[in-house]
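Please look through the sequence and the 3D structure shown here, and then read the briefing that follows, which is grouped by topic.

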Amino acid sequence: SESPNANLYGIWGIEVFGNQILLSEYGLKGVNGARYVYKSTDNGENFNIIFDLQVTPLTVPNAPTPTETAHLHTIHFDRFWNRIWLSVGDNPNSNVYYSDDYGTSWQLANNDINMQYTGITSYGEGVIFGSDRSQNGVYVWERTRSKTDEVVIKPKLLINNIPVITHVFERCWRPYKKSNEMMFFASIRVED
């Protein structure tokens, strides 16, 4: 990691697909916090930065300028569309970015509900996101016919609408090998 205030956690920030590896920092906020996403195309021998939370949003249309509350949350590789999904927080930085060219350029999802996510997984039908804020629950982007269609993430299954965080979702577990497999999407219960 580039920052002593950031870590790499398997429950949010490590993705492996073929000989490629994505690592997303998680930890403290701001300029010296969790801000970098790394990619390796040689089984982890070498890594390059493909997203810098203090710089990259400035190149993405409609993305907010990062504040001192900005830090990375989670990363996911969508094997169905070869798309990288990246969730960031905290408010007012809460957004989902995605890349269709393995991190060379990024776009912003429609996140009008001001939600931030910590768990992401993909299926042929769409991508599922787990919340890290009220309205606590599971959200979905339903896959469209074209990658150029607007990405709009909507509520799918709300646990509650308590105005505090009650659940923080982790990485989904699924084998990716069979159709109709069961998905285990764990969340940590946060006590108030």
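A residue is called buried when its relative accessible area is under 20%, exposed when it is over 50%, and partly exposed in between, using a 1.4 Å probe and protein chains only. This is a predicted model, in which local features need pLDDT of at least 70 and side-chain atom pairs count only at pLDDT 80 or more, while totals for chains, interfaces and linings use all residues. Residues are numbered from 1 along each chain as its sequence is written, and side-chain values use heavy atoms, with hydrogens and water left out.

**Overall build**

- The protein has 15 strands and zero helices, where helices (H or I, at least four residues) and strands (E, at least two) are DSSP runs numbered from the N terminus.
- For 192 residues, a compact globule would have a radius of gyration near 16 Å, and the protein agrees with this because its own value is 16 Å; the radius is taken over C-alpha atoms, and the globule rule is 2.2 Å times the number of residues to the power 0.38.
- The C-alpha trace spans about 40 × 40 × 30 Å along its principal axes, and buried residues make up 51% of the 192 residues.

**Salt bridges**

- A salt bridge is a side-chain nitrogen of Lys or Arg within 4 Å of a carboxyl oxygen of Asp or Glu, and by this rule the count comes to five.
- One of them joins glutamate 15 and arginine 79, whose closest N and O atoms are 3.7 Å apart; this pair links distant parts of the chain, with glutamate 15 in strand E2 and arginine 79 in the loop between strands E6 and E7, 64 residues apart.
- Glutamate 15 is buried, because its relative accessible area is 5%, whereas arginine 79 counts as partly exposed because its value is 29%.
- Another joins aspartate 78 and arginine 143 at 2.9 Å, N to O, and links strand E6, which holds aspartate 78, to the loop between strands E12 and E13, which holds arginine 143, 65 residues apart.
- Aspartate 78 counts as buried at 0% relative accessibility, and arginine 143 counts as buried at 16%.

**Proline 92**

- Proline 92 is found in the loop between strand E7 (83-89) and strand E8 (95-99), and it is partly exposed because its relative accessible area is 48%.
- Not counting residues up to four places away in sequence, proline 92 touches Pro64, Thr67 and Thr69, where contact means heavy atoms within 4.5 Å.
- The C-alpha atoms of proline 92 and asparagine 114 are separated by 8.2 Å, although these residues are 22 residues apart along the chain.
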